[in-house]
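Work through the exercises below with the sequence and the model side by side. Each task is followed by its solution.

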Amino acid sequence: MTDDATRTLGKGSAPPGPVPEGLIRLYSMRFCPYAHRTRLVLRAKGIRHEVININLRNKPEWYFTKHPFGQIPVLENSKGQLIYESVIACEYLDDAYPGRKLYPYDSYERARQKMLLELFYKILGYQNTIFFGGDCISMIDYLFWPWFERLDVYGIADCVNHTPALRLWIAAMKQDPTVCALLIDKNIFLGFLNLYFQNNPDAFDYGLSC
């Protein structure tokens, strides 16, 4: 199990206490690709954090004080400051915490990654290095990855068969320790989807034994 494999909090649950000094809290959901982005960055940078999983079918009343629309992901630091929207949250983590920088230092390269993110599906034919940001993994790769990890779950993994460069990128990403640490078993994901589409609030805790 990963460090985020905890049961969700739903309506009627007590709000968590203040974030301990030296930690940052992530409000998340195990199967959400947007929250997955943030978890990748937290792990890649080695940031000490705790995870509160939210039941998105049965949201706690108090959670709307963390996000006005009750969405995830949300970061909360020990000062009570809240940061949401996945790309903004990831950039905040890269800027606010020391260690490995995932966005390039060079202003143009940083801007280029953001432009690629805006284009997303249109850029696949323009990839000329193993990773989207160059010869090593950077922020843009982690921001893209959650959707590609889910291709097999959705039964559309063959959609990349005609793009050799993209298949090489997927294979390289699967070797990354951060990506490997957060992989969810396909059968667990399918079990979640089965319950989710039945509007079953237990979907969000699928696969947890306690």
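**Exercise 1.** In which sense do strand β3 and β4 pair, and over how many bridges?

*Solution.* This is a predicted model: local features need pLDDT of at least 70, side-chain atom pairs count only at pLDDT 80 or more, and totals for chains, interfaces and linings use all residues. Residues are numbered from 1 along each chain as its sequence is written, and side-chain values use heavy atoms, with hydrogens and water left out.

Step 1: locate strand β3 at residues 74-77; strands are DSSP runs of E with at least two residues, helices runs of H or I with at least four, numbered from the N terminus.
Step 2: β3 and β4 pair in the antiparallel sense, over three bridges; two strands pair if DSSP finds at least two bridges between them.

**Exercise 2.** Is Asn53 buried or exposed?

*Solution.* Step 1: find Asn53 in strand β2, residues 49-53.
Step 1: its relative accessible area is 1%, so Asn53 is buried (under 20%; exposed is over 50%, partly exposed in between; 1.4 Å probe, protein chains only).
Step 2: the side chain of Asn53 reaches the backbone oxygen of Thr6 at 3.0 Å.

How values were computed:
Polar contact = N/O pair within 3.5 Å; in protein donor to acceptor, adjacent residues only side chain to side chain.
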